[in-house]
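Hi,

Here is the structure I promised to pass along. Please have a look at it first, and then read on for what turned up.

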Amino acid sequence: MAKMIGRRLLMLIPVLLGVSIIIYSILSLTPGDAATLILGDSATAESVAKLREELGLNGGFIERYVRWLSGVLRGDFGISYKTRNPVFMEVFQRFPNTVKLAFTAIAISSIFGVLFGILSAVKQYSLIDNVVVAATLLLSSVPDFWLGLMMILLFAVKLKWLPLSGVDHWYNFIMPGITASAHYLANTIRMTRTSMLDVIRADYVRTARAKGCPERTVIFQHALRNALLPVVTLIGVNMGWQLGGTVITEQVFAIPGIGSLMITSIRQKDVPVVLGALVFIALLSSLINLATDVLYAYIDPRIKSQYVKK
Amino acid sequence: MKKQLSLVLAAVMVAASLVACGGSSQPAATTAAAAPAETQAAAAAETQAAAPAEAAPAASTGKTDLTIINTVEPQTLLPGSENLSAGHLIQCQLYDTLVMETPGARSTLVPGLATEWEYSEDGCTITFTLREGVKFHDGTEMTADDVVFSLKKDAEGSYNADAAKLLASIEKVDDKHIAVSTNYAYKPFLQVLAMPSFGIYSQKWYEECEASGTNMARSENGTGAYKFAEWQSGDYLKLEAFDDYWGGAPMIKNVTMKIMTDGQTAALSMQSGEADVFFGLDSADYDTMKATPHMVVWDVLSNGTHFLALNSTDGHFFKDNKDARKAVQHSLNREEINLGGLDGTGHVTPYPVNPDHFGYDPDWQPTPFDLDKAKELLAGTGYSGETVIYKSANSSWYQNPAQVMAEEMRKAGFNIDLQIMERGAWEDDVDAKGNSDIWNYMTWGQFPDADADLYIYLHTSQRGIEYANMIDAGNDECDAALDGGRYSVDDEERFNYYKQVADINEEEGWYAFLMTGCNFAVTTDEVQGFVPHPAVFYHIKDWSL
């Protein structure tokens, strides 16, 4: 197991290097000049040239990339062109908000997804099953921004039950959490339902019932544990996506997270911030994938046995 | 069963949408809400001061916390380098200038950190008497050295690059006086010094920041009515009242500027009662906001004027083709452009000078819209359907008017190839290189004077892709009029010079000036003392709740 983890951690190096090269190339090849964007229309050619020099934009593409990379290797991700704050500070100031949003969304989609998925599978073709299936269809078809805006109109503007914006209290994340979880909730319900339907027809489940096990034990101890593997994969993937910044949700609810940081930085051609944020997200996604794989081993002893020395 | 279920679910979804989107059951608009917008809309040529008088004053609520929503985040607190109005708004609170604009009457300047000023005989030097007992936010007293130091540093900033060219020297005369000299007598120079980009701060603070590597974009030590408290990037910026302010402690004690880049969310936030003031209302949300109880929507005339540039440089369609340029002028129906391009929210202003700036002539008449004349002129040029490239940036501010204008020119017989480009790409290709036969843009006079509006676009010394005159506009006669306006100190003379410039431009057809847009501001009816300002130079110390 440790060997597998070590190998996967080593693989992160080429992954992160590749991500940074691709992002750097895209940002360098797209039109728009950071100095002109920062200074605006009133700036003279001399002041634009002066700022370009200050920001280090005058060197060649490779020279600039190597300079950035050598900084990163020394733990320096550079300075934001726009705010003049260190990139590290910009990213980590916003990261807690993205984490709060991601965990709220994952909690909602995992808890309700697994619960309704089980219910739907156990009560297949019942009214409950039909309602759940229809609801998943609805949740996966409704665009995030529309759902968010409708909730804002209803709960913040009309009823005034919830605040529209802010990140200081847990209730600030109720509406954004629901919005960000909608698609993932639908996927988790579907995945749990399908997986459970496969498992509850299996011989060992029939055997457990024949032995006289209570239905609750059959479902939660025999069936669910085996049905959970693909669901865990899905939750892991969802977690990676959520931590990468749910751009639309952050925009709609004015949450200062990683997603909104990247959008504004891309618009401003704030290359160091975009690079820093994306490399950080790539690192995080890779680590979550690794954690998901490790978790498999604990859920399924068959997988664990593959990593045991023979 | 499934069918019934689907119907029930569909009904629930539609009902939820209707509940959320449904109109308010409250009365359509309060008197206070309706009055300012209507008054402003009717008064294109009048100053911005007219509106607030119409608004019914509400009783004071006694609140001391003010929340502002802005769709744009400031870039820096340091004067001289900020080009965004959101940043200027904050700088107005943190820093004072030597002289200050009067709310509602921009050209009337009142004492700020200088109590009085005196011109030298040649008009090139102004000696300012500094206000005594002014304190910086760290409690230290402002000195003449601080003023000289900060003005010099401000002049080095990118935003002040043009103004800096005027400056000859900034000197301390004695402990109470400083002298600012310009290279020539420049009538609107005091107006330049009233911009927040010439804010005064402590020399000691600046030098300490420089020595310690403190980010000056995120700290300050000015003399303004508010001091900087906190800035969470992408979230909010907070200010606190400065109790030792020389003008007396302001009534509003805490100011929070919330950053909401999504205009729709920002509008909803205002409607939900989370804020008192909102800058950046989209014209699409205008009617909804106006109909919201307790909201006052202000039509704040923009600082710039939309124009169409016809490129006469080598290799471009309008080179040596005055009749084609005139044909374009005759093909433009400005009312339609305003209606289709800005939802009718702009003010048609064919005069090149902004209605809020010195030199504006409300009685001047442009080339009339005459499609037949346009076709006749175009036919006379021997035009045989060559493609005319029209590149526009993709923001609705530019793209929508461009689509209307392209269609109007097509009706006159031009074969227009309208290319809508991403803003960054457009700036690279058109704004920086002039790679288009036609484009539309906006003048952006930094201070309210015709010289700031016109010189850079029409003087021959400003020709070339590194300057603003990228279409080879201008001639000797136009230069003489622009120079006359710049170097004269007589208002009537200056006014006439700029009228000449407008006439020459119209005769030559270099630019077609179209309209001034509106930057809407929304306040609740609790906000007292709000006077619309085209450049967003608001002083919150003058407001109350």
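First, a convention for what follows: two strands count as paired if DSSP finds at least two bridges between them. Helices (H or I, at least four residues) and strands (E, at least two) are themselves DSSP runs, numbered from the N terminus.

A word on provenance: this is a predicted model, in which local features need pLDDT of at least 70 and side-chain atom pairs count only at pLDDT 80 or more, while totals for chains, interfaces and linings use all residues. Residues are numbered from 1 along each chain as its sequence is written, and chains are lettered from A and ligands numbered from 1 in the order in which they are written.

**The sheet in chain B**

Chain B holds an open sheet of seven strands with mixed pairing, in the order 8-9-10-1-11-19-12. Its edges are strand 8 (226-232) and strand 12 (295-301) of chain B, each of which pairs on one side only. From one strand to the next, the twist averages 20 degrees. Helix 4 (residues 85-94) of chain B packs on this sheet and touches strand 1, strand 8, strand 9 and strand 10 of chain B. The direction of helix 4 makes about 140 degrees with that of strand 8 of chain B; for such angles, axes are lines fitted to C-alpha atoms (for helices over the stretch in contact), and values run from 0 to 180 degrees between N-to-C directions.

Now across the sheet. Strand 9 (residues 236-241) and strand 10 (residues 254-259) of chain B run antiparallel and are joined by five bridges, with Lys238(B) opposite Thr256(B). Strand 10 of chain B also pairs with strand 1 of chain B, in the parallel sense over six bridges. Ile69(B) has a partner in each: Lys258(B) in strand 10 of chain B and Phe278(B) in strand 11 of chain B.

Strand 11 of chain B then meets strand 19 (residues 518-524) of chain B in the antiparallel sense, through four bridges, and there Leu281(B) stands opposite Phe520(B). Seven bridges join strand 19 of chain B to strand 12 of chain B, again antiparallel; Met295(B) faces Thr524(B) in that pair.

Why is strand 11 (residues 277-281) of chain B largely enclosed by the rest of the structure? Because four of its five residues are buried. Here, buried means that 20 or more other C-beta atoms lie within 10 Å of a residue's own, exposed means 12 or fewer, and partly exposed is in between, with C-beta atoms placed from the backbone.

**The cores**

A nonpolar core is a set of buried Ala, Val, Leu, Ile, Met, Phe, Trp, Tyr and Cys residues joined through C-beta atoms within 7 Å. The largest one has 160 residues, and those with the most contacts inside it are Ile152(A), Ala277(A), Phe278(B), Phe520(B) and Val522(B). This core draws at least three residues from each of domain 1 (2-73) and domain 2 (94-303) of chain A; those bounds come from an automatic or database domain assignment. Apart from it lies another core, of 59 residues, including Leu377(B) and Tyr390(B).

Chain A has 14 helices and zero strands. Its C-alpha atoms fill a box of roughly 85 × 65 × 30 Å along the principal axes, and buried residues make up 40% of its 310 residues.

The C-alpha centres of domain 1 and domain 2 of chain A lie 33 Å apart. Their contact (C-beta atoms, placed from the backbone, within 7 Å) takes 15 residues from domain 1 and 13 residues from domain 2 of chain A. Helix 1 of chain A gives the most to the domain 1 side, with ten residues.

Between the chains, the contact takes 47 residues from chain A and 43 residues from chain B. Helix 7 of chain A gives the most to the chain A side, with seven residues. By class, that side has 24 nonpolar, 14 polar and nine charged residues, where Ala, Val, Leu, Ile, Met, Phe, Trp, Tyr, Cys and Pro count as nonpolar, Asp, Glu, Lys and Arg as charged, and the others, Gly among them, as polar.

Best wishes

Methods:
Two residues are in contact if their C-beta atoms, placed from the backbone, lie within 7 Å.
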